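Take a look at the model below.

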Amino acid sequence: MPFYRFEKLESKFMTPRLSTAHGPMIEGDFIYFCLVSKEPGAGSVVHYHPNELFIFPTVGKINSLVGRDRRMVPPGTFIHIPPYGRHQMTATEDGRLSYLYIKDKTWTVVGLAVDEAVPEKATSLEEANTEFQKSGWTLGKGEIKKEAGESSVRIDDLGNCYYPIIDAFDSPPASGNRFYRFRGDRMHFGFTELINPYEERHQESPHEQFIYVLSGTLDAVWEDEHEVLTAGGIMHIPKGSHYGISYIPKSPVRYVTVESAALLESAVG
């Protein structure tokens, strides 16, 4: 099924010993596409993982640390966390937090404490939750299962990882169609705002993609299936499948796109 809504999917804890983050997940061939939530003041301990990670807040502000760079991040700012990058995401005290949470599938969604070595075998989401339930640990407090060896965490060589895209989701629309693209090593991120007619038709998608509608409506076709995507609507486009999107001006539409890169596809196989 190519069309989803997060509110219809089961919520799970992503790394319960390190973070309070929980939410639904769509698992593609190369990408984990998730929407996670955290209660006011709650979040994660400082940690890392071998995956590349994209974060895009939709509700509330993030008290965010990437490497040594700490910032308060509102909805509309994109955060890029390179593989092995040290980071921490916490909800501010003034409200609940939700954000798109997107990882490549070279590793699982389960993270590692900063003083942990990368294990030979990644812990699955199911194993992490089972281990947490049996352990008696406290949610998100950072208890670790120490692996032999040294941590592979990166702190100082990450560069700028914060990218403001739009001031606020209720800000006035742009004066024309607007396309923002960020190209990571393993995944690409996009933000699109349409006020004028627009159409894409593809006989074969060269990469896996996810489309997530933030506001407005978008007509979507996948193979022989059609859906009108409204706010919160998702289309998953596997690599090699046929799809199309179109927009007839009614009210402005804003949506996020995520795409696998060739490097990721070769690494995952």
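This predicted model holds 17 aromatic pairs. A pair of aromatic rings is described by the distance of the centres and the angle of the planes.

Start with Phe6 and Tyr212. Their ring centres lie 5.9 Å apart, and their planes meet at 40°. Planes under 30 degrees apart would count as stacked, and planes over 60 as edge-to-face. The angle of 40° falls between these limits, so the pair of Phe6 and Tyr212 is tilted. Where do Phe6 and Tyr212 sit in the chain? Phe6 belongs to the loop between β1 (3-5) and β2 (12-13). Tyr212 belongs to strand β18, residues 209-215.

Phe6 has 5%, so Phe6 is buried. Tyr212 has 9%, so Tyr212 is buried too.

Now turn to Tyr163 and Phe182. This aromatic pair is also tilted, with 5.0 Å from centre to centre and 55° between the planes. Tyr163 lies in strand β14 (residues 162-164). Phe182 lies in strand β15 (residues 178-183). Here 19 residues separate the partners, and this pair too links distant parts of the chain. Phe182 has 11% and counts as buried.

Tyr163 and Phe182 also belong to one aromatic cluster.

Step back to the whole protein. The secondary structure comprises 2 helices and 23 strands. Among contacts with a separation of 6 or more, 71% join residues 24 or more positions apart.

How does the overall size fit the chain length? With 269 residues, a compact globule would have a radius of gyration near 18 Å. The protein has 18 Å, so the two agree. Its C-alpha atoms fill a box of roughly 55 × 40 × 35 Å along the principal axes. Of the 269 residues, 53% count as buried.

Last, the surface and the charges. The protein exposes about 12,000 Å², and carbon and sulfur atoms supply 50% of that area. There are 27 positive and 36 negative side chains. The centres of these two sets lie 4 Å apart.

How values were computed: Residues numbered from 1 in each chain as written. Predicted model: local features only at pLDDT ≥ 70, side-chain atom pairs only at ≥ 80, totals over all residues. Heavy atoms only, no water. Helix = DSSP H or I, 4+ residues; strand = E, 2+ residues; numbered from the N terminus. Rg over C-alpha atoms; globule rule 2.2 N^0.38 Å. Buried < 20%, exposed > 50% of the residue type's maximum accessible area, 1.4 Å probe, protein only. Contact = heavy atoms within 4.5 Å. Areas by Shrake-Rupley, 256 points an atom, 1.4 Å probe, with all protein chains shown as cover. Lys, Arg positive; Asp, Glu negative; His and termini not counted. Charge placed at Lys NZ, Arg CZ, Asp CG, Glu CD. Phe/Tyr/Trp six-rings, centres within 6.5 Å; stacked < 30°, edge-to-face > 60°.
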